[in-house]
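Visitor: I am new to this structure and would like a short tour. Could we begin with the terms?

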Amino acid sequence: MFDRIGYKLNAKKLIKLKGKMFINVAFLSLMISLAWISYAVDFENLIVYIYIGGFQIQELFWAEAIHFFSIFVIVLLIWEVLVQIPFKYGMKNYFCEAFFVPDEIKSSVWIGFRKGYSKIMATELIANIIIALGYLCFIIPGIYFQYSYKFIPYLLKDEPDLPPFELIKKSKMMMKKHYFEMIFLDITFLPYTILGYISGSITRLYSIPYIELVYAQVYEWLKKEYKESNV
């Protein structure tokens, strides 16, 4: 049974016990995700303001802004591929282990850089390309593929011998019949997302561990259900 309320209560209990440790991981996640870089647009005067950590560091007119963002997007894509993808793999599996064996955590958020880097990159890149094509075709296919491949980082660790396309296929099969449950779960996380933007990402130090611990429980439930249905 998909116990959304139970998953959340369990996550909150564990955060009370291991809060400081989880905050450190959440802080690393924010740094890696470049969440501390933002911008604002003054359409009346055609000026773009660049902020780092909430502090304005630069004013750019439209021509300068276009040049800046074209370079920034390229750098961001490279950063996403080389750094964020393996870090996301490590972080998700860290919280998964933290929930089920909190006193014997052996995983590291950096494990994706040390073990299976090429496999992680290949699988996630294929999945991200499919998701991007889905959004380009129409929004709904993009959302469908995004949720289909939501648990690929966990499968990469649990089944490292499966080739990328088999991992992608298995993630999709595990999610079968559970799309609306996951979408509704994510909708309940929206207040945390909004608070994160309002607070300059400060509240995300709590919401990142909270959400990841909930996802870890969902994955274990999906894995168990998939195994039972394919016996």
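Guide: A residue is called buried under 20% relative accessible area, exposed over 50%, and partly exposed in between, using a 1.4 Å probe and protein chains only. This is a predicted model, in which local features need pLDDT of at least 70 and side-chain atom pairs count only at pLDDT 80 or more, while totals for chains, interfaces and linings use all residues. Residues are numbered from 1 along each chain as its sequence is written, and side-chain values use heavy atoms, with hydrogens and water left out.

Visitor: Is Tyr206 buried, exposed or partly exposed?

Guide: Tyr206 has a relative accessible area of 35%, so it is partly exposed. Tyr210, by contrast, counts as buried because its relative accessibility is 1%. Both residues lie in helix H10, four residues apart, about one turn of the helix. Helices here are DSSP runs of H or I with at least four residues, numbered from the N terminus.

Visitor: How many aromatic pairs are there?

Guide: The count is 19 aromatic pairs. Rings of Phe, Tyr and Trp (its six-membered ring) pair if their centres lie within 6.5 Å; planes under 30 degrees apart are stacked, over 60 edge-to-face, and the rest tilted. Phe2 and Trp221 form an edge-to-face pair, with 5.6 Å centre to centre and 80° between the planes.

Visitor: Where do Phe2 and Trp221 lie?

Guide: Phe2 is in the segment before helix H1 (4–32) and Trp221 is in helix H10 (residues 204–229), so the pair links distant parts of the chain, 219 residues apart. Phe2 is buried at 13% relative accessible area, and Trp221 is buried at 15%.

Visitor: Which residues do ring pairs link into a cluster?

Guide: The cluster consists of Phe189, Tyr192, Tyr206, Tyr210 and Tyr215.

Visitor: Changing topic, what does the side chain of Lys92 make a polar contact with?

Guide: The partner is the side chain of Glu212, at 3.1 Å. A polar contact is a pair of N or O atoms within 3.5 Å; within protein, one must be able to donate a hydrogen and the other to accept it, and residues adjacent in sequence count only if both atoms are side-chain atoms. Lys92 lies in helix H2 (residues 62–100).

Visitor: Is Lys92 buried or exposed?

Guide: Lys92 counts as buried, because its relative accessibility is 10%. Leaving aside neighbours within four places in sequence, Lys92 is in contact (heavy atoms within 4.5 Å) with Pro153, Tyr154, Glu212 and Tyr215.

Note on methods: Helix = DSSP H or I, 4+ residues; strand = E, 2+ residues; numbered from the N terminus.
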